[in-house]
Each structure stands twice: as structure tokens, then as C-alpha cells.
Amino acid sequence: MEEISFETNKEPDILLPPKTQSRALRWLRENLFSSWFNALLTIASALVAGYILFHTIQFIFTADWSVISVNFRLLMIGQFPIEEVWRIWTAFGLMTVLLGLSWGLWKGSMAHVAVSILAIMVVMLVMPFIQMNTRLILGANIVLLFLTFFVGTKLPKIKVPVLLVWLLFIPVTIFILNGFGVFEPVSSNIWGGFLLTMLIASVSIVVSFPIGLLLALGRRSTLPVVKYFCVIYIEFIRGIPLITVLFIGQLMIPLFLGNGIEISNVMRAMIGMTLFSAAYLAENIRGGLQSIPRGQYEAAQSLGLSKAHMMSFVILPQALKAVIPACVGQFISIFKDTSLVAIVGLTDLLGMGQKLVANPEFLGKQMEVFLFVGFIYFIFCFLMAHVSRRLEVTLGVGER
Amino acid sequence: MKKAVTTPFWRDKRIVPILLQVLFSALVLIAGYYFITNAISGLQQIGIKLGFDFLKNTAGFTISESMIDFQPTDTYGKALLVGIINTLRIAFFGIILTSIIGLFVGIAKLSNNWLLSKLATVYIEIFRNTPLLVQIFIWFFAVFLPLPKIQEAVTLGPIYLSNRGIAIPWFETHSNTVFWIVTIVLGLILAYLLAKVLMKMEMESGKRRYPFMSAIGVFAAIIIFSIIFTGSGPITIHTPAVEGRGFVGGYTLSPGYSAILIGLVIYTSTYIAEIIRAGILGVPKGQIEAAKALGLKNSTTLRLVIFPQAIRIIIPPLTSQYLNLVKNSSLAVAVGFQDIVSVGGTVMNQTGRAVESIVIMIAFYLIFSLITSGLMNLFNRKVQLVER
């Protein structure tokens, strides 16, 4: 067998400290030029990114954005009569108060929302084409946001009332827009622009959530009739495109309700959106219900809780917490999907954009109009997606 | 004496569920009865009887893009069939293209290269946080319609861009195509069998037999033989050219079709990219470490360890994205591409048969969803882990 020798007498090599590379250089080497293939990728992506960036920036600075500044009011609130705009501002003020209070009370993800809305208000404030009185109101709202933020930090006891007012916010807003029941109501047929987008989105989100919850519970029910009714409803809605649901809303709801009842186009679109999103929310919530270990059910039952108590005090609090991020994802979809009401003839943000493009006065401004519309949607969706990701972390979903 | 304890029927565990179900069914039936009687009396007032007889009547409108011959003298039924075929055309090409782009973007997002992964992130964030309809409008109204007239079409290599549509090179079959298809299929079968046999020999003897190399060689030999034998390729490529006011040769995509296809492909690819990324990240780290410890090459690890496990995570959400793509193709109605919803809408306007037209649309989508999810479930069962 061969002898294994260790060279013990040899002087050990003196290890020099590694050549110090500046941090930036090392980062570049590790992340961009670790191999020849990687370097090639970096150069190719840099070229593509540079090309797109250059042309985008060039477009932004050479495009004629006057179509937006001239029609800014139309895009935001549609044909809402100018003498009644104070109603919208009242509702907006209420939102600011609620937002400020929640910022102070919960901080965390709420702070992100509040700061983003604040940033949007500030950007609007400095836009050159905004009228003076609009600026004043925006400024007042910004001050109000900070004031209520401090009130919120000082009064931790009002959490429950604030939550209640949030829940009532949409009905209250519609009540305000209709003039408190005292003034002449503004017909929902002339609601338009971003206001209409927001109203349709929030009504369908708020109303579809309880329906979705009931459908999810129904789908897991032990009563076969209830169970199969829910299964058929959910699978039926999930199998067809939203646009057909909106067609059903526009054409069949008046037929189903008979002659006695008249409902406006906006209302029909809201019903369609709600029925549609309820099915998707139900599936999300069902996912949460299924994630609860059976031990929880058994523990509740062995404590002698009735079914209703078991659901409302043990199962649902855990299940709903687990599905909050998924539900926010669904809310983003609903918000994006509201743009489809433009196809059935409503003038939401996108529908208003379409009308502007069709106007011969603004010929050839399609890119500007639709990019602006897309940008508004993007800001809100991105914000919601960001909050959803944060919630996922703070709620510790998926970690036990 | 002790009184016999009787449970009142409203607390009896055997009776309550039945009562509840009867109550529920009664509510549903009453609501349904109310709606349907209203609908029927409403329809009677405008003098419409429900029924699908109208499908046999002459349509009288034109469909600009159709894969089968369609004349205004054809029936409504055939018009709807053309719509269905057009929807399937978007679905087919859309699913293929979006899978390819989604795969690349998903892998790019996982890349070690910082710039590439950031680019993929920006792509995903921008296109998934903007409504699909807005994107389709941008493509249609702001990109394809403002393109120059056909006489001044922009050329990108063999591709022509004009406001009449995009003309791309397209293949054409000729007399030798059948022969080519047969030889290619035969070649593939032969190569596969050879690879299998050599692989088995390699495993038994432990000596290198180069199964993949030999398979590729055999296939290449068959292709070369076919080229010599027929003296032509399997298909001829026709490049388009402008002649007068139209394109000659190649294949012309209308602005509406291009807008809906590109919009759908880009929007859906962002979701597919995220699904693929999640699938690859979902493979436990221990699996990759174990493969490395066994001394497998990177490519072998990817092929034999990561991919089979990732595909299990990927398939269910991928199926629902494919179905979403098909359902979203109904947005074609907004840019005037005549898919099933658009044709159905025209039929609805011309005949006043709203209920029947909507029923046909819904039935198509439901059947399509059922078939697709059935097929994907079958595939899913094949790749799913067999649990003991």
C-alpha cells in the first residue's frame, strides 16, 4: 500500500488578506458579470431597457398633454354638475378624516395607504392646471389628514367606531351624493369618470364580500341542497366571462324584475359586478376555511359551542385572517374589471377616455388619453398589491 | 312519575336539516318562479317567443375575418359558428405565445443577473396592474390604428405594419408536404425508439452508448434524405408584398385581432411568469442540495429533479390562467374583432333574441371550460405524486 505522507516540515504559505475590492465593484461582479453569459445578458438587458426608457421619456416630454389638463374634471367626475361638486368634496373630506384616524390608530399598512393618498393629493395640488379653489380644498384636506392623524394617535379607544364608520362609508357616500335626501338627487346616469369607477368598485367589493362568505359557508355545508346550489352558482359564474355577466345585468335584469321596478344602468352594472365577484371571493374564503385544522372544530365542539358560535368565534376569525391577502388580490381584480363597464356604455374612467378619443377636437391623442387612464389604474392597483404583500408579512400567513 | 322528555321538532337533530333544506328550496323556487314569470310576460308583451328557430334565418351581415367561408346570405347559426372559431383562434395562438413569454419572464425574474431580474419585475408589475381592457385599447387605438396607410407601410424585415393590419410571412403547403409529414413522424418515432434501446443498453452494460446523439443523428439523416428525395422543404414560406391597396401572400392579421392577441398574451404572461417562479421556488431546497450531493450536472438537476416537481405545483394555477385567457378573449367585442360575444351581440341586436343569444354564449364558455379543465386534470393526474 502506498504511504501517505504529510508535509509537516514545509513552511505554511502565508495567506495574504484577499484583495480588497470596493463594495460597488464587488456587487457589480457578483450580480452582473459573474460569467461571460451573465455579462452578455447584462449588456443585452441594458440595451433593451435603455431603448425603452429613452423612448418612453422622449414621449412623455414631447407629447401634448393638454388633452388631459383640459378634460381633467371630466376624467375625474364625469358630467357631475359643477354646482353640486361640493357633495363629492364632502364625501372626500369624510374619507380623509377616516383615513387620518386609521393612520393614527393602526399605523403599519394603514400608514402606507395614507401616505400614498397624501402623495397623490400633493401631486394634484402642484399640478399647474388645477383651479385655485380645488387647490384650497385639497390643501385643507391635507391639513385635515394630519390633524386627524394626531387625534388618532391620542385616542386609541375609538378603533371600533372608526371601523363601523368605514363599513358605512359607501352607503353614506351615496347618500351624500344624492344630496342627503334633502336636495335634488344627482341621477346616477350622469355619474362618471374616476368617481364612477371608484363607486362601482367599492360597492361591488363591499357587497360581494358577505355574499361570498355565505356562498363559501354554503359550499361547505352538510345540507346537500344548499351545498349544490352554492357549488352550481360558483362554478357557473367562474365559467363565464365577466362581459356576459354584464350583458345579463343590462338586458336580463329589467326582464326578470318586470315592469314595476326601474333600475339605472349604473345599478345594473353594480349588480353584475357584485354577483360576479361574489363567486370568486367565495372560492378565496373557502380556501381559508379549509386551511383551519380539524382540531379547531373538534375543540370548539367539545367546549359545547353551537354551530353558529363555533363559526363566529373560532373558525371565521382565523379563516378570514388567513385569506386577507388573497382577498385584497381579488379586490385588485375587481377594481381592474370595473373598466369593462365601458363596453356596456357607462362612462367610467375608461369610458370617458373613449369619449374623449372619439371627440374630433382631440384627434390623434389616443396614446396620451389611454396612457393617463392606465396610469391612474396602475397607481391604485400597485398600491393595493403593495399593501397586500405587507399584510402577508405582518399577518404571518403561511407561517405557524 | 317522570315525564317523558320529548324534543320539540324545531330542535330535533333529524328534522331540522330537512326543514332548513325545504325552506331553502322553497325560497329559491319562489324567487326563480317570480323572475321567470316576469321574463315570460315581458317577452310576450314585445311579442317574442323563446326558441332557437331563428338560427336558421339569414344573417344578412358580413364577418370580415373568418376561417370558413361566410356570406351574408348564410344563417345566424353559421355566423355564431364563425364567432366560435374566431374565439378558438385567439385562444389557441394566445395560449401558445403567452406560455412561451411567461416561461421566459418567470425564469428571468429568478435569474442571478440583477438587471434582468429587475427588468422582469418591472414588466410584471406594469402589465398586471393595468386593466386588460386599457391595454387592449392602447394597442388598438394608439398603436395599430394610427399606423401609416398600406401604401406607406412600415417594414420590419419581412413584416409589414399598416393600418389595415400586420402582414407576416406564412407557410404554404404543397404536393410534397404529405410526404414530409410522414417522414418527419417516422423519423421521430425511429429516433425515440433508438434512444430508448441505447439507453437501456447503457444502463445494463454501464458503457457509454450516446443515446441522444445517435437519436439526433438518425433524425437528421432522415431529414437530409427527404430533402434529396423531394428536392424541396416541407413547406414554402410566403413573404407578403404590397400590391395596390392590399397585401399579397403571407398572412394578414387585422388590427383588432393583433390588438386583442397582443394584449391578452402580455397580460396573461405576467400571471404565468409568477406561477412559474412560484413553482420553481416551491421545490424544497433539500431536493436541489441532494441532487448536487449526488453529483448531478446543473442541467440534469433541472431536467430530472426540479422540473418534474415544479410542474406539479404549476399545473393547477396554469389551467385557471388558460381559462382566464379564453374568457378574457371576449373583450374582442371592444375592438370589433368578431368573436362569439361580438357576433352574439350583433345577432342580439338584429333579432332581439337577447335571452337565446346570451344562453348560446354562456353555453359555449361553460362547455369550453369543462373540456379544458377536464383535459388539464387528466394531465395533472399523470404528473401528480403517487402517494402511498
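A compact globule of 400 residues would have a radius of gyration near 21 Å, whereas chain A has 28 Å; the radius is taken over C-alpha atoms, and the globule rule is 2.2 Å times the number of residues to the power 0.38. This is a predicted model, in which local features need pLDDT of at least 70 and side-chain atom pairs count only at pLDDT 80 or more, while totals for chains, interfaces and linings use all residues. Residues are numbered from 1 along each chain as its sequence is written, chains are lettered from A and ligands numbered from 1 in the order in which they are written, and side-chain values use heavy atoms, with hydrogens and water left out.

**Chain A**

- Chain A contains 16 helices and zero strands; helices (H or I, at least four residues) and strands (E, at least two) are DSSP runs, numbered from the N terminus.
- The C-alpha trace of chain A spans about 105 × 70 × 50 Å along its principal axes.
- Of the 400 residues in chain A, 44% are counted as buried, where buried means under 20% relative accessible area, exposed over 50%, and partly exposed in between (1.4 Å probe, protein chains only).
- In chain A, 76% of the contacts with a separation of 6 or more link residues 24 or more positions apart; contact means heavy atoms within 4.5 Å.

**Chain B**

- Chain B has 11 helices and eight strands.
- The radius of gyration of chain B is 29 Å, well over the 21 Å that the globule rule gives for 388 residues, so chain B is more spread out than a compact globule.
- Along the principal axes, the C-alpha trace of chain B extends over about 90 × 85 × 45 Å.
- Buried residues account for 39% of the 388 residues in chain B.
- Among contacts in chain B with a separation of 6 or more, 67% are between residues 24 or more positions apart.
- The accessible surface of chain B is about 22500 Å², and 68% of this belongs to carbon and sulfur atoms.

**Annotated domains**

- An unreviewed UniProt entry places the feature "domain: ABC transmembrane type-1" at residues 194-388 of chain A; UniProt positions are given in the numbering used here, feature names are shortened, and annotations may be inferred rather than shown by experiment.
- Over residues 194-388, chain A is 81% helix and 0% strand, with its end C-alpha atoms 23 Å apart.
- For chain B, UniProt (unreviewed entry) places the feature "domain: ABC transmembrane type-1" at residues 84-376.
- Over residues 84-376, chain B is 70% helix and 9% strand, and the end C-alpha atoms are 21 Å apart.

**The sheet of chain B**

- Four strands of chain B form an open antiparallel sheet in the order E1-E2-E3-E8; two strands pair if DSSP finds at least two bridges between them.
- The edge strands, each pairing on one side only, are E1 (154-156) and E8 (251-253) of chain B.
- Neighbouring strands of this sheet are turned by 20° against each other on average, direction ignored; axes are lines fitted to C-alpha atoms, for helices over the stretch in contact, and angles run from 0 to 180 degrees between N-to-C directions.
- E1(B) and E2(B) (residues 159-162) run antiparallel and are joined by three bridges, with B:Leu156 opposite B:Ile159.
- E2(B) pairs with E3(B) (residues 165-168) in the antiparallel sense over three bridges, and a hairpin of two residues joins these strands.
- Within that pair, B:Tyr160 stands opposite B:Ala167.
- Three bridges also connect E3(B) and E8(B) in the antiparallel sense, and B:Ile168 stands opposite B:Tyr251.

**Two residues of chain B**

- B:Trp180 lies in helix H5 (residues 177-205) of chain B and is buried, with a relative accessible area of 3%.
- Beyond its neighbours within four places in sequence, B:Trp180 contacts B:Ile223, B:Ser226, B:Ile227, B:Thr230, B:Ser232, B:Gly233 and B:Pro234.
- B:Leu119 is located in helix H3 (residues 114-128) of chain B and counts as partly exposed at 28% relative accessibility.
- With neighbours within four places in sequence left aside, B:Leu119 is in contact with A:Ser45 and A:Ala49.
- The C-alpha atoms of B:Leu119 and B:Lys109, 10 residues apart along the chain, lie 7.8 Å from each other.

How values were computed:
Accessible areas come from the Shrake-Rupley method with a 1.4 Å probe; for residues, only the protein chains shown count as cover.
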